[in-house]
Amino acid sequence: MAVKYSKDHEWISVEGDVGTVGISQYAQEQLGDVVFVDVPQVGRKIAKGESVAVVESVKAASDIYAPVTGEVVESNAALADSPGDVNAEPTGKGWFFKIKFSNKAELDGLMDDAAYDAFVKSLG
């Protein structure tokens with residue numbers, strides 16, 4: 001399963017025509033303790049770069065952006081009751097939504113693990 005990253009610190013894991021989206025370990029560390037998550041509605045059509053979810057922490061509220069264009073096919077409703085999952089397992093139980101790709105070629109513009117690690121180091 002390929003995982004790609006955006007410069008906004010979202011990750012997307014790809015399985016066929018569907019991608020699961022969440023925020024990176026680095027992003028959750030920057031946010032601090034997550035206290036609220038608003039995920040997009042199933043059926044919503046979203047464009048790459050569009051704000052699709054909100055995550056609030058004790059420090060700040062941040063928008064989550066769509067790393068690709070497509071339609072939301074599943075949202076992680078459990079985050080409403082367990083927003084801390086974003087901190088505990090940002091790349092596991094803390095996922096935000098699943099998207100069916102409109103244009104899979106958009107994945108080519110995202111970073112792989114090595115490129116993302118280098119990007120995060122460059123922010124230091």
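User: How much space lies in the largest pocket?

Analyst: About 150 Å³. Keep in mind that this is a predicted model. The general idea: rolling a probe the size of a water molecule over the atoms shows where empty space is left.

User: Which residues that line the largest pocket are the closest to its centre?

Analyst: Asp8, His9, Ala27, Leu31 and Ser62. The lining has 13 residues in total.

User: Which elements each supply at least two residues of that lining?

Analyst: Helix 1 does, and so does strand 7, residues 61-65.

User: How does the lining of the largest pocket divide by class?

Analyst: Seven residues are nonpolar, three are polar and three are charged.

User: Now the packing. Which residues have the most contacts inside the largest nonpolar core?

Analyst: Look for buried nonpolar residues joined through side-chain atoms within 4.5 Å. Here the largest such core has 25 residues. Ile12, Val37, Phe96 and Phe97 have the most contacts inside it. Several elements each give this core at least two residues, among them strand 2 (10-15), helix 1 (25-31) and strand 9 (97-101).

User: What does Phe97 touch, leaving out residues up to four places away in sequence?

Analyst: Gly19, Thr20, Val21, Pro40, Ile46, Val52, Val72, Glu74 and Ser75. A second core is separate and has seven residues, including Tyr5, Trp95, Tyr116 and Phe119.

User: Where is Ala115 placed?

Analyst: In helix 3, residues 113-123.

Definitions and conventions
Residues are numbered from 1 along each chain as its sequence is written. This is a predicted model: local features need pLDDT of at least 70, side-chain atom pairs count only at pLDDT 80 or more; totals for chains, interfaces and linings use all residues. Side-chain values use heavy atoms; hydrogens and water are left out. Buried means under 20% relative accessible area, exposed over 50%, partly exposed in between (1.4 Å probe, protein chains only). Helices (H or I, at least four residues) and strands (E, at least two) are DSSP runs, numbered from the N terminus. Contact means heavy atoms within 4.5 Å. On a 1 Å grid over the protein atoms alone, a cavity is a set of points where a 1.4 Å probe fits but cannot get out, and a pocket is an open set with protein on both sides within 12 Å along at least five of seven lines; lining residues have an atom within 4 Å of a point. Grid points are joined across faces, edges and corners, and a volume is the space filled by probe spheres set on the points. Ala, Val, Leu, Ile, Met, Phe, Trp, Tyr, Cys and Pro count as nonpolar, Asp, Glu, Lys and Arg as charged, and the others, Gly among them, as polar.
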